[in-house]
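This briefing goes through one protein model by topic. Please look over the sequence and the 3D structure before reading the points below.

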Amino acid sequence: MKSDDRGQRTDDRRQQTEGRRLRRRPSVVCRLSSVVCLALACVATAGQAPPAAEPKANPAAEAFQQLLQKVQANPGGASEDQVKELITTGQRLGHCYAVSLAVKGYLTQNYRATPSLLLLAAENALLAGDFRTAAARYKAFLAAPQANGAASEAAATLCQILIDFLGADDDAYRFLSANAERLRQAPAVRQFDAWYLEQARRRR
């Protein structure tokens with residue numbers, strides 16, 4: 001009987017201990033859950049890039065975009081000074097192609113462009129890689145009676161475009177033949193003498 005009583009008491013103590021453990025578990029589970037959640041949050045945060053800094057405002061670029069949009073939207077209403085500013089600013093910012101398209105629209109509606117604008121338009125088209133447009137602009141500049149001292153350099157550039165970039169030997173030959181008296185004395189144009197003489201020999 002005594003052994004049975006001791007066994008019963010041992011079982012009772014064991015149950016009480018187990019009960020106390022069970023009562024403690026919820027708090028432990030909650031703490032573990034909190035730790036796991038915190039760890040997962042840290043991992044997720046570590047994998048995220050920091051918020052990107054807002055780009056700094058560039059007043060010159062913003063002014064250029066506004067002027068570009070103005071000329072594109074109403075090329076006939078833009079002034080020549082505005083187009084010149086668009087070209088020079090666009091070249092400085094590296095937007096020659098967009099400017100070249102806008103200038104095309106302007107010159108389509110403004111036939112009395114000054115030689116200085118035609119020269120700027122030609123140089124910009126060349127920088128944009130639009131060689132046919134550049135050649136047309138240089139020809140228009142050289143045909144203007146008010147063409148200034150830049151005519152010889154413009155003629156040399158035109159010949160280089162026609163020969164090297166467009167493969168238009170006939171066009172270059174006709175241009176040099178028509179303008180030999182006016183431009184041949186310029187050093188920039190004389191560099192094409194050998195080419196011109198070879199072309200003349202082939203055409204006999």
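A residue counts as buried when its relative accessible area is under 20%. Asp 130 has a relative accessible area of 16%, so Asp 130 is buried. The model is predicted, and its secondary structure comes to 11 helices and zero strands.

**Confidence**
- The pLDDT of the protein averages 81, and 72% of the residues score at least 70.
- Residues 17-50 have a pLDDT below 50, and this stretch has one contact in the model beyond near neighbours in sequence.

**Overall make-up**
- Read along the sequence, the pattern is α-α-α-α-α-α-α-α-α-α-α.
- The protein has 204 residues, and 31% of them count as buried.
- Of the contacts between residues at least 6 apart in sequence, 56% join residues at least 24 apart.

- In soluble globular proteins, nonpolar side chains tend to be buried together.
- Here the largest nonpolar core has 44 residues, and Leu 86, Leu 142 and Phe 175 have the most contacts inside this core.
- Two or more residues of this core come from each of α2 (59-73), α3 (80-93), α4 (96-109), α5 (115-127), α6 (131-143), α7 (151-165), α8 (169-178) and α10 (187-190).
- Helix α7 gives the largest share, nine residues.
- Apart from neighbours within four places in sequence, Leu 86 is in contact with Phe 64, Leu 67, Leu 68, Val 71, Val 99 and Ala 102.

**Helix α4**
- Helix α4 has 14 residues and reaches 20 Å from its first C-alpha to its last, close to the 20 Å expected at 1.5 Å a residue.
- Its buried residues are Cys 96, Val 99, Ser 100, Ala 102, Val 103, Tyr 106 and Leu 107.
- The cover over these buried residues includes α2, α3, α5 and α6.
- Tyr 106 lies in α4 and has a relative accessible area of 5%, so Tyr 106 is buried.
- Not counting residues up to four places away in sequence, Tyr 106 touches Pro 75, Ala 78, Ser 79, Glu 80, Val 83 and Leu 117.
- Tyr 106 and Ala 78 are 28 residues apart along the chain, and their C-alpha atoms are separated by 7.6 Å.

- Asp 130 sits in the loop between α5 and α6.
- Leaving aside neighbours within four places in sequence, Asp 130 is in contact with Ser 100, Lys 104 and Ala 125.
- The 13 residues of α6 should span 18 Å at 1.5 Å a residue, and its end C-alpha atoms are 18 Å apart, which agrees.
- The residues Thr 133, Ala 134, Ala 135, Arg 137, Tyr 138, Phe 141 and Leu 142 are buried in α6.
- The buried residues of α6 pack against α4, α5, α7, α8 and α9 (180-183).

**Cysteines**
- The structure holds zero disulfides.
- Cys 96 has a relative accessible area of 11% and is therefore buried.
- Cys 159 is buried as well, with a relative accessible area of 0%.

Key:
Residues numbered from 1 in each chain as written. Predicted model: local features only at pLDDT ≥ 70, side-chain atom pairs only at ≥ 80, totals over all residues. Heavy atoms only, no water. Disulfide = S-S within 2.5 Å. Buried < 20%, exposed > 50% of the residue type's maximum accessible area, 1.4 Å probe, protein only. Helix = DSSP H or I, 4+ residues; strand = E, 2+ residues; numbered from the N terminus. Contact = heavy atoms within 4.5 Å. Core = buried A, V, L, I, M, F, W, Y, C linked by side-chain atoms within 4.5 Å. Expected span 1.5 Å × (residues − 1). pLDDT = per-residue confidence, 0-100.
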